[in-house]
2 protein chains.
Amino acid sequence: MKIAIIGGGSIGLLFTYYLSDAFDVTLYTRTLQQAKVIKKSGIELVCNGETKSRKVHVKTFDQWKSEEAITFVAVKQYHLSTLLHKLKDKAEDDINLVFLQNGMSHLQQLEELRNKNIYVCTVEHGAFKSSANTVVHNGQGQTGLALFQGDMKLPSSLFALQNFPIVFKLDYYEMLIRKLVVNAIINPLTAILKVTNGEIIRNKQYFMAAQQLFIEVSDILELENKEGYFEMICEICLKTSENRSSMLKDMELSQQTEIDSILGYILEEAHRKKIQAPISEMLYLFIKGSER
Amino acid sequence: MKIAIIGGGSIGLLFTYYLSDAFDVTLYTRTLQQAKVIKKSGIELVCNGETKSRKVHVKTFDQWKSEEAITFVAVKQYHLSTLLHKLKDKAEDDINLVFLQNGMSHLQQLEELRNKNIYVCTVEHGAFKSSANTVVHNGQGQTGLALFQGDMKLPSSLFALQNFPIVFKLDYYEMLIRKLVVNAIINPLTAILKVTNGEIIRNKQYFMAAQQLFIEVSDILELENKEGYFEMICEICLKTSENRSSMLKDMELSQQTEIDSILGYILEEAHRKKIQAPISEMLYLFIKGSER
């Protein structure tokens, strides 16, 4: 089965590498430069101190023609708008489009992609791109995948990869909201305070700050079983105690963060529901102001 | 005229140096070690790239006997409680006690010092202590002084120092609240965001954050003429554009900050008046959590 992956960032490279185990994968990059490097040297994956390399098909995105049975879209949420325009024009009606973006602010845009089978995901891998063709896979996790609209037409083989588990979820909203709540608490706090995930529960004052922020966010999202959600956040902080969140890394590299798809979405929800969100707004401004 | 200065920090050393121009000053330090260094080598003042040195009288605080006409108290707000106990026991009834602490949370403690002439100040000098007997005076400013309780019994000569202006103010509350509002906005934001004062007005998002925080703080303090206060804050950010606030410096050195006397006071006021203070509370927790 042919699979397309659009986007040569850390997640695009990771999916290209692992899915090539079982499928005929073509990676579509934004730049010709990156396509050339990968064509010549393949993708290098650094995992547990070992470097493995694999040759893959690679083209630039303008060569994408909706030929593959499944297309994974692995660009950042803030690059999605321009891409969706092009996708809409070229995509076949019965195409399977799998979106790997964080947060929930892209869902509204996806609704406009009528007549297609659209899936959304939560990616729980730790990975960063260390060169044009190298991805460091430093956190083993799984990918949740759920149908967002259209029909479920993915083959079961996609959910049977030994080294790269993809788990099918029945309720996309439940799946995404869990990830959103976790990201809305851990990412902004660790990025602003410049601490590892574990500090959020180890430091008494930071823990109180996390509680305050959670109360505001969970009210806006009208979460049921709030305690359960907060326990989940604490558990993740414990399990990933020494990790530096993606937002903290982005801030340290003065890169654009994914704050718009996380707290940005929550602020939109607050606005829509006419709920005050003073803490989320302040943290949003702190992070937007730090982006260059 | 004899003057006592209690506290060998940056402000204590600064006042000892400059007041010695005109008065017979004795500095009272907490540690014998510092007293020995100053007795041997005097106080060194670094100002505009020049280093000047001056011999001064120095004793340890337990030798203070309420002998001087005026005693300046230059310890940090968080060291005041223990000191006030000792002061109360030894101070003469007609003593002049001048307090140099930032913020307003010490006022309640000062009310207990009955039968004394109590004055409070706003110190607008930039200074830091670079060794036990060296103070770097890197921001020329003035000292506001107002009567807090008792009678005004300070000699006019105190307000006539050429190189170290002390300005008498009629309304201590108005004087302190102005400084408090400035500190409540500039100090926490610069300390958390790790930026110079000017960034608060240059960075669009930080400026919006400052506005949000100001709205909350000014409501709690029930300020009249809010616009005037906010203009003053902006003007100070402009004038001290390249400065790093004292709280930012304290955070970078992992030292205790003065957050309790600034946002701590505002949170107490909010609590007393039953007003919500979500932003102040969050920033307070961020800074308390960073103190070691």
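This is a predicted model: local features need pLDDT of at least 70, side-chain atom pairs count only at pLDDT 80 or more; totals for chains, interfaces and linings use all residues.

Modeller: Ser66(A) sits in the loop that joins strand S5 (57-60) to strand S6 (70-73) of chain A. Although Ser66(A) is not a glycine, its phi is positive, at about 60 degrees. That deserves a remark because most residues other than glycine have a negative phi. Ser66(A) counts as buried because its relative accessibility is 8%, and the cut-off for buried is under 20%.

Now to the part you asked about, where chain A meets chain B. Chain A can be laid on chain B by a turn of 180 degrees with a shift of 0.0 Å along the axis, and the RMSD is then 0.0 Å. That is therefore the relation of a two-fold axis. The same surface serves both copies, since 100% of the contact residues of chain A recur in chain B. If you look for the residue of chain A that comes closest to the rotation axis, you will find Ile279(A), whose C-alpha lies at 2.9 Å.

The contact itself draws 22 residues from chain A and 22 residues from chain B. Between them, the two chains bury about 1,800 Å², and 73% of this area is on carbon and sulfur atoms. On the side of chain A, Met282(A), Leu285(A) and Phe286(A) supply 30% of the area buried against chain B, which is more than any other three residues. As for salt bridges, the count between chain A and chain B is zero.

Elsewhere in chain B, another positive phi can be found at Asn225(B), at about 55 degrees, although Asn225(B) is not a glycine. Asn225(B) lies in the loop between helix H7 (204-220) and helix H8 (226-239) of chain B. Asn225(B) counts as exposed because its relative accessibility is 57%, and the cut-off for exposed is over 50%.

Finally, a nonpolar patch on the surface is formed by Met152(A), Phe168(A) and Leu170(A), which together have about 320 Å² of accessible area. Of these, Phe168(A) has its place in strand S12 (residues 166-169) of chain A. With a relative accessible area of 33%, Phe168(A) is partly exposed, and it can therefore belong to a patch, for which over 30% is required.

Definitions and conventions
Residues are numbered from 1 along each chain as its sequence is written. Chains are lettered from A and ligands numbered from 1 in the order in which they are written. Side-chain values use heavy atoms; hydrogens and water are left out. Patches are made of residues with over 30% relative accessible area and no salt bridge: like charges are joined within 9 Å, nonpolar side chains (Val, Leu, Ile, Met, Phe, Trp, Tyr) within 5 Å. Accessible areas come from the Shrake-Rupley method with a 1.4 Å probe; for residues, only the protein chains shown count as cover. A salt bridge is a side-chain nitrogen of Lys or Arg within 4 Å of a carboxyl oxygen of Asp or Glu. Helices (H or I, at least four residues) and strands (E, at least two) are DSSP runs, numbered from the N terminus. Buried means under 20% relative accessible area, exposed over 50%, partly exposed in between (1.4 Å probe, protein chains only). Copies are superposed by least squares on the C-alpha atoms of residues with pLDDT of at least 70 in both. Contact means heavy atoms within 4.5 Å. Buried area is the accessible area (1.4 Å probe) that two parts lose on being put together, summed over both.
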